[in-house]
Amino acid sequence: MKIIFWISLFIIFYTFIGYGILLYFIVIIRRIIKRKKTVELNIENLPTLTFVVAAYNEENFIEEKIQNSLALLYPSKRIEYLFVTDGSSDETPSIVSKYEQVKLMHTPERKGKINAMHRAMKQIKTDVVVFSDANAFLNKDALTCIARHYADNRVGAVAGEKKIRVDKLSDATAGEGFYWKYESALKKWDSELHSVVGAAGELFSIRTDLYEAVPPDTVLDDFMISMLIAKKGFRIVYEPQAYATESASANIAEELKRKIRIAAGGVQSILRLKNLFNPVKNPVLTFQYISHRVLRWTVTPFLMILSLLLNVMIVLQNKELIYDILLAAQIAFYIMALLGWVVEKNRLRIKILFIPYYFCLMNYAVIAGIF
């Protein structure tokens with residue numbers, strides 16, 4: 001029982017903290033041994049690029065998104081703008097059609113985002129494609145910062161950074177913002193070691209000729225599309241100077257719904273990317289994939305429950321101080337999470353309580369997503 005407890009505790013620690021520590025020290029050693037190369041920006045050699053936005057009933061955001069897109073710095077002769085609005089029944093298509101610089105692809109039939117992306121990709125002839133969400137707004141240098149990485153033939157995709165807009169009215173901002181800051185650090189180190197483990201749909205790009213259509217029922221299309229490129233042996237680079245800013249979830253109920261969907265998509269991706277478990281072909285990517293994604297999306301949330309139950313049983317049977325301390329720490333953490341839930345219900349914001357609450361919410365979402 002004690003052995004299982006310590007193994008469970010180790011995996012939990014490794015999943016959320018240990019991997020980050022290990023990754024950081026590996027990257028430090030790598031920097032000492034192999035000096036990091038800086039990617040220079042050469043405007044003359046930037047690849048041709050298509051900026052793609054798939055939008056469904058986004059009339060509240062689409063005009064601001066178009067204006068933000070057209071303001072991005074990139075040579076005008078080397079960029080095309082493509083907005084796909086399949087199935088939109090509001091004013092989204094008519095708003096897009098007002099802009100001559102933007103190509104509109106619209107059909108009244110709604111078949112989902114993935115089908116819209118597949119249809120768009122058949123029309124694209126440029127070297128690189130950049131995908132972005134309709135409600136995510138980019139910094140002016142985003143495209144040039146992304147495109148410069150394609151001077152390296154080993155790079156198959158580039159992931160931008162997601163930033164959460166702080167909203168005093170949003171009760172999800174504290175936890176979500178803290179989570180994304182930590183995720184950004186992990187992505188930076190992952191990229192420096194070898195490759196980011198998947199890209200987020202707010203802002204990511206790929207080499208057009210490496211695009212592989214994913215099944216229409218794919219939940220995390222952005223993750224799958226980028227990981228299929230990594231599976232071919234190409235790197236996914238993280239570029240924090242290219243960022244997409246979006247609002248935090250309006251409330252915890254919306255955030256929970258989103259997290260459950262991501263968790264379900266994560267499990268689906270694991271089942272469809274079984275080849276990545278084979279360390280023979282790409283051992284570093286396998287190490288990163290299991291450490292950063294697989295453990296979070298599978299066993300770790302269940303081990304959190306198991307370690308608490310085993311800790312209680314061990315304390316009842318033994319009188320060793322270390323187990324008393326560990327149980328007290330676990331109980332204190334979950335009490336803080338519970339208090340976080342209580343204050344959230346009363347629309348109060350106490351960050352020290354909200355972060356453990358958000359952490360527990362994330363892990364509950366994984367369990368709910370699996371089922």
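In helix H2 (residues 62-70), the buried residues are Ile 62, Lys 65, Ile 66, Asn 68 and Ser 69; buried means under 20% relative accessible area, exposed over 50%, and partly exposed in between, with a 1.4 Å probe and protein chains only. These residues lie on the same side of H2, because they cover an arc of only 165° around the axis, the arc being that of the directions from the helix axis to the C-beta atoms. Their cover includes strands E1 (49-54), E2 (79-84), E3 (102-105), E4 (128-132) and E5 (137-138), together with helix H3 (92-97). Helices (H or I, at least four residues) and strands (E, at least two) are DSSP runs, numbered from the N terminus. Contact means heavy atoms within 4.5 Å.

This is a predicted model in which local features need pLDDT of at least 70 and side-chain atom pairs count only at pLDDT 80 or more, while totals for chains, interfaces and linings use all residues. Residues are numbered from 1 along each chain as its sequence is written, and side-chain values use heavy atoms, with hydrogens and water left out.

Asn 57 sits in the loop between E1 and H2, and its phi is near 50°, a positive value in a residue other than glycine. Most residues other than glycine have a negative phi. Asn 57 counts as partly exposed, at 28% relative accessibility. In the loop between H2 and E2 lies Tyr 74, which counts as buried at 10% relative accessibility. Leaving aside neighbours within four places in sequence, Tyr 74 is in contact with Leu 46, Pro 47, Leu 49, Ile 79, Leu 143, Thr 144 and Ala 147. Tyr 238 is 164 residues from Tyr 74 along the chain, and their C-alpha atoms are separated by 19 Å.

H7 is largely enclosed by the rest of the structure, because 10 of its 11 residues are buried. Those buried are Asp 221, Asp 222, Phe 223, Met 224, Ile 225, Ser 226, Met 227, Leu 228, Ile 229 and Ala 230. Just after H7, Gly 233 takes a positive phi of about 105°. In the loop between strand E7 (203-207) and H7 is Asp 209, which is exposed, with a relative accessible area of 67%. From Asp 209 to Ala 230 there are 21 residues in sequence and 14 Å in space, C-alpha to C-alpha.

Axes are lines fitted to C-alpha atoms, for helices over the stretch in contact, and angles run from 0 to 180 degrees between N-to-C directions. Phe 223, Met 227, Ala 230 and Lys 231 in H7 meet Leu 285, Tyr 289, Arg 293 and Trp 297 in H9.

Helix H1 (residues 2-33) also packs on H9: their axes come within 10 Å and cross at roughly 150°. That makes H1 roughly antiparallel to H9. On the H1 side, the contact has Ile 11, Tyr 14, Thr 15, Phe 16, Tyr 19, Leu 22 and Ile 26, which meet Phe 287, Gln 288, Ser 291, His 292, Leu 295 and Arg 296 in H9.

Terms used:
Parallel < 35°, antiparallel > 145°, perpendicular 65-115°, else oblique.
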